[in-house]
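Visitor: I have a structure to go through with you. Can you put it up?
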Amino acid sequence: MGTLELDGVTKVFPDGDGEIVAVDDVDIEMRDGEFLVVVGPSGCGKSTTLRMVAGLETISSGEIRLAGQRVNEVKPQHRDIAMVFQSYALYPHMTVEENMAFGLEEPTDLSDGEIETRVADAAETMGIAELLDRKPADLSGGQRQRVALGRAIVRDPEVFLMDEPLSNLDAKLRSELRTELQRLQDELDVTTMYVTHDQTEAMTMGDRIAILNAGELQQVATPLECYHEPANRFVAGFIGDPSMNFFPVERDGETLVGDMFDYPLSGSTLDDVGDVTDLTLGVRPEDISLAGDSAGDHTFSTVVEVVEPMGDENTVYLRFADAPEGETFIATVGGLQQVSAGDEITVEIPEETIHLFDGTSGEAVHNREIDE
Ligand code: ATP
């Protein structure tokens, strides 16, 4: 059973006279066969977390359990884990076949024949069977990463750990291997912890996403939950591209008062807000719509500053009519909608699409409605 549990896991590095808390009291429970993507900005502790699970970094406090057993003191080679790195980490003087077999020779009692069969099967799975006699220098980047993945597969481990395995590849190869990794994970059903800073990988590959910021776990949830029901403002801003728009507002009775607009709230939203007065209003660019001539409580006069046509849609930089130039927010509208810089347009920010965050703690107090 490849369950993986992190229980209060913390890593403190010495830093001159002080210290850096790289990973701060992180709890994650992964079920057998789950694909968990760990994301967050540079320096948030993603790699350190993965390295502690691999046993390449000691744990300052907390416990890591693999298949229910504490592994804090277990050496890396005795943890039933295979790791794939961004840098491939292949031995240059060995052939592909030797590289793939290497991890099997020492710690296992497999016969030469069994090793050969396992390597051949993994090479078949990764589509590199015809490359077995080559050296890494004679392979493309994509082929090298296939070999590195093949080497992890032959080990038949309880857990795969992958640290940005696709980030050295060009966009097309990355998307190909992304699909292939998903297929592979489905097929092999091995518990996988996958570190990336790539939004698309996080949204498309994982059963769940774990979002870290400054060493602290912000949320562990499915990609769509993180997108539509963010636990806090950090998650809301991190997941989604272009990012959610945020406006600081004060609650005055039943109305949110911003620098440039008033936004009346209805009963159910007010109930969620409770007695918090200092708030941040969040709205995703795709939820802002062109309102034409219609006017309502949630329509606003704006000026178009810049339009970035993407073909299928336009990314439109707007500012409220009275706002200073450059103080923009983003709406995405259909590619066939005619919008040009300098236009004065009315937009709607529908109440059912807004998010509200506590202005001090950043915690979500109200998330958008989702049609079930
Ligand atoms: P990136 O996406 O840039 O790779 P990351 O999220 O993987 O970043 P980590 O590499 O885990 O982040 O680093 C987390 C923090 O710990 C950073 O502040 C980093 O500088 C610090 N750190 C990492 N390794 C060490 C070390 N060996 N000694 C001291 N500090 C370290």
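Visitor: How many residues of domain 1 are in contact with domain 2?
Guide: 9 residues of domain 1 are in contact with 11 residues of domain 2. Contact here is heavy atoms within 4.5 Å. This is a predicted model, where local features need pLDDT of at least 70 and side-chain atom pairs pLDDT 80 or more, while totals for chains, interfaces and linings use all residues. Residues are numbered from 1 along each chain as its sequence is written, and side-chain values use heavy atoms, with hydrogens and water left out.

Visitor: Where is the protein chain divided?
Guide: Domain 1 covers 4–237 and domain 2 covers 243–366. Those bounds come from an automatic or database domain assignment. The C-alpha centres of the two domains are 39 Å apart.

Visitor: What area is buried between them?
Guide: About 850 Å², with carbon and sulfur atoms giving 50% of it. That is the accessible area (1.4 Å probe) the two parts lose on being put together, summed over both. On the domain 1 side, Tyr227, Arg233 and Ala236 supply 60% of the area buried against domain 2, more than any other three residues.

Visitor: How many salt bridges cross that interface?
Guide: The rule finds 0. It asks for a side-chain nitrogen of Lys or Arg within 4 Å of a carboxyl oxygen of Asp or Glu.

Visitor: Which helices supply the domain 1 side?
Guide: α7 (223–228) and α8 (233–238) each supply at least two residues. Helices (H or I, at least four residues) and strands (E, at least two) are DSSP runs, numbered from the N terminus.

Visitor: New topic. Which residues surround the ligand?
Guide: Among them are Phe13, Ala22, Pro41, Lys46 and Ser47. The cut-off is a heavy atom within 4 Å.

Visitor: Which atom of Thr48 is 2.5 Å from a ligand oxygen?
Guide: An N or O atom in the Thr48 side chain. With Gly43, a backbone N or O atom lies 2.8 Å from a ligand oxygen. For Gly45, the backbone distance is 3.0 Å.

Visitor: Is the Asp241 to Pro242 peptide bond cis or trans?
Guide: Cis, with omega near 0°. Pro242 is in the loop between α8 and β11 (245–252).

Definitions and conventions. Polar contact = N/O pair within 3.5 Å; in protein donor to acceptor, adjacent residues only side chain to side chain.
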